[in-house]
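Colleague: I would like to learn how to read a sheet and its ring contacts in a model such as this one. Could we go through it feature by feature?

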Amino acid sequence: MQGTVPALVAARVAASPDATAVVDGCGTLSYQELNARADLVAARLTAAGVQPESVVGVLIDRSATMVVAWLGVLKAGAAYLPLDPSYPASRLHFMLADAGVSLVLCDPRTGGLLAGTTHRAMTLGPDWSDEAAPATADVAPDDLAYVIYTSGSTGEPKGAMVEHRNIVNTVRWLVDEVGVYPGDRVGQTVASGFDVATWEIWGALSAGAEVHIAPEPARRAPEELCHWLAAARIDTVFLITSVAAVALQHGWLDGTSLRTLMVGGEKLHAWPPAGVPYRFLNLYGPTETAVIATYAWFDGHDEGLPPIGRPISHTTAHVLDERRQPVPLGEVGELYLGGAGVGRGYLDRPELTAERFVADPSDPQRTLYRTGDLVRCRPDGQLEFVDRADRQVKVRGFRIELGEVEAHLRAHPVVDEAAVTVWTPESGYPRLVGYVSGAGVDGEEIQRWLGERLPAYMVPAAVIPLARMPLTPNQKLDRGALPDPTALFARRPAVPGADAWESALAEDWRETCGVVPRSPADSLVELGAGSLDLIALRARVRARRGLTVAPSTLTLTQTLREQALLVAGLAPGTPAARPAGARSGAGSLGQEALVFLEEINGSGMGYQYQMVLDGPGEPEVCHLEEALHAVLEGQAALSARWRMTARGLVGEPAGPAGPLLRKHRAGAGELPKLLRALVARPIRYDDFPLLGWDLITHPGGTALLQREHHIVHDGWSVGVFLQQVREAYGRFARGEGWSPPSDTTSYFDWAREQREWVAGPDSAAAREYWSGQLAGVAGEPAEDAAVPERGLATARTDTQPLGERRSALVDRTAAGLGVTAFALLLACYRRLVFETAPGAWQVIGSSFANRDVDTRDIVGLLVNVLPLVSRREPVGSPVDGARAEMGLIAAAEVHQRMPTPEILRLAAGRSLANSQLYPVMFSKHDSPQPALRFGDWRPEVRELANGYGRTGLSVIVMNRGLQHARSTASHGAGAYALRWTHDRARYPDAAVAELQRRFVQLLDRACAEPTSPWPSHIPAA
């Protein structure tokens, strides 16, 4: 048993059998008594059929009996599962079932908690037999020692498995480094389900020290706990960081005889005052690596942010980027831990284990644990904790590290503790909410104080004062117990200096856009709102005030005061009545243009879109086909058969579709080839249906290929379609019915209104704007340019990820400049085109969703490709370029209703057959896209290329994390990626690779030095 927990305890039993081992409220146990009782427990477990490596539950109050039970389980060769009796019954039952526990050790009080379950209970104490116990099992260092459940991202806890060798490495380091000696008094203060308890107990017992178990009432009250530490004359103790901070602040530790105070479990924000009479040790480590991985001593003179220090013995720490490569010194990366402390993984979670326990890039034979913690390495070699990677949130399009906002809150002179969460009210728009504790805190004053130190989008919409922060049984912040801010938002005061109209509109901003104006001069774009928020804002104004708000009325760049004046000037009244959703009629002008191009070119592959939904598991095929039928029939554009007539393009109901799913099976490695073959099948505009589905079963799960013609598709439609299919599948799987949203507007209604608007006087302003934009724009000579709309069979598509850190920097830089991230990216792209294709920089085509309140749930072609025309060469600075692009984008959004074919007619010498107005394009995909789940099948969406393109060079800015977040109106984070599609005859692969490199260099320069001139030359890599 060398290198096991029982071996460590046995050595102390042999050395000092009569020494005190454990002290609780009922008395003491010597090392000999502890060992004998543990032997008896092991014998009883063996007799009950417990096998080596099996898991035994321990549902016992914190006491000497609990320590006996843990040691007895280990002596039997099994692993213990600590069960905190204070946990809800449902959580206890889940843990027992998930761990496959059949037998649970209880005490007389806790046995009743198992009532109604099938688990066998074995009650320990208060009487112990003096009969000799048989020999215990032979335990090996690689045997499982315990399973501890931690929170899981899926909402269910996961069991982390730790072996004897992991514990032994930690406790040996602890005893040697901290200096724990025989007879020392070590406090046991944390809950039994908290992993720190394992080394509080085994660390002390392996050193021959005394484990003093703090009374439960004292453990839950920091001041009482400190009184107990003094009364029990504790030498060494561990306290949760926040508990220690409060104790230090109020001087509650002054009367203790502490020799060493260890803290951990939360980020340490400040060292203790100089001159404290005990050694102070900051510890860091996740459950998956036997509790402690790094440490940092306070030397009495440290200033600044406390580090988490250096790795403990036989442990390695690596700061890596997204590709698992080392980051430069001082840069932030994710912490990976290796060495003797790395546990076995998660119990019965092989996929999660494979995700978090990965091969060491420098030695694939070794395992690293991916912590999910962001750190940086200081010049002195110590690690500095930055934040949890998964606490990076995205609110209204901006990435925000909650820890950064919390740190600023704590810096306020009267704030003791602070927490920041993302709150989503019933209206569905998330916003930051801060919570603070301290004497005399004023939430509104702190909010104003923050506004002087942080960008507006990082200032919480409310700061709520609390008497004290709620804590979990482990004395960590209980975020779930923070009060709901709904009532507070209902009584928010008006913006200072605002009149009645401005105050009312400010309330609309808060409730629909999730932003809080601090003065009438604030604009939505400055506060982090996006174009999608304008749709909700217009709907809010119309619903609350009975005002008809045209899409061009409100923009992102208008101030609160400007918008209020516009709203005040609107005529009251409800929108004109619309006919019930039409199921047939004329197509839109954009549809008609695509059909014209397909007819003259003889191929529609350039206007075919395809994506694959691929993931592990498989759906119920009958429910999936039922859902596809339901959505197909519910959307007017999809249920119609389209044909060209003397009156133009018309659509008429086609009647029920036949079987929709074509089924295939692919062997290992065969899926890519099969997808390429299926994608190559063209769809004509007059086929029905204009969508095709292939369901492919393969060794890794199931893939669903979806192909569709562009006359019934745009980027926004993808999210609408997938959302409705997901909802319909769920309803059918539960035996319920499903019908599409009861919206009176259909695609045919919208197409009719588009034609009426174009032909009527209301389009005059848009026509005048686009005519002015295109006046004198020559474009590229036709003889030098390919015709993009004819479909380029030599097109290639590549994706260029920008990465999390660069994406976060783009968001921060754009916010600081008062523009959107897309405007900053567009400025870099126009500069790139100016350098490499001088004839194309002036006009860049960009797709605009062209959606409003009434068209959010329509599937069909509504998107418009608009020309963003620059009259000035991009030779100034990035800030000049970004603000100029922001102006063009805002104006285009106002006039985006003008269809692309009409805009082309306004350009002299242009026609649908020769529309070289857009030699290059730059667009964004930011429409909502849901996370998908169809029973056991949880696929991810991946867009596929078919080798055809519609322009020489096109770039699409994508952010899947943001799209998923917008589908639920929740917070989320993700990285930007650029999807480059290029005609290889005109833009060879090597040339595009160089463009991608140059674009990143321009972007990095723009973020680092936005006010400096664009570089005149970028050296090759």
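Modeller: Two strands pair if DSSP finds at least two bridges between them, and helices (H or I, at least four residues) and strands (E, at least two) are DSSP runs numbered from the N terminus. This is a predicted model, in which local features need pLDDT of at least 70 and side-chain atom pairs count only at pLDDT 80 or more, while totals for chains, interfaces and linings use all residues. Residues are numbered from 1 along each chain as its sequence is written, and side-chain values use heavy atoms, with hydrogens and water left out.

Colleague: In what order do the 3 strands of the open sheet lie?

Modeller: Strands of a sheet pair through backbone hydrogen bonds, either parallel or antiparallel. Here the order is β24-β25-β26, with mixed pairing, and the edge strands, β24 (417-423) and β26 (462-466), each pair on one side only. β24 and β25 (residues 431-437) are antiparallel over 7 bridges, and A419 has Y435 in β25 as its bridge partner.

Colleague: Which strands does helix α12 touch?

Modeller: Contact means heavy atoms within 4.5 Å; by that criterion helix α12 (residues 443-451) packs on the sheet against β25 and β26.

Colleague: How many aromatic pairs does a search of the whole structure find?

Modeller: Rings of Phe, Tyr and Trp (its six-membered ring) pair if their centres lie within 6.5 Å, and planes under 30 degrees apart count as stacked, over 60 as edge-to-face and the rest as tilted. The search finds 23 such pairs, including the stacked W70 and Y80, at 4.6 Å centre to centre with 10° between the planes.

How values were computed:
Axes are lines fitted to C-alpha atoms, for helices over the stretch in contact, and angles run from 0 to 180 degrees between N-to-C directions.
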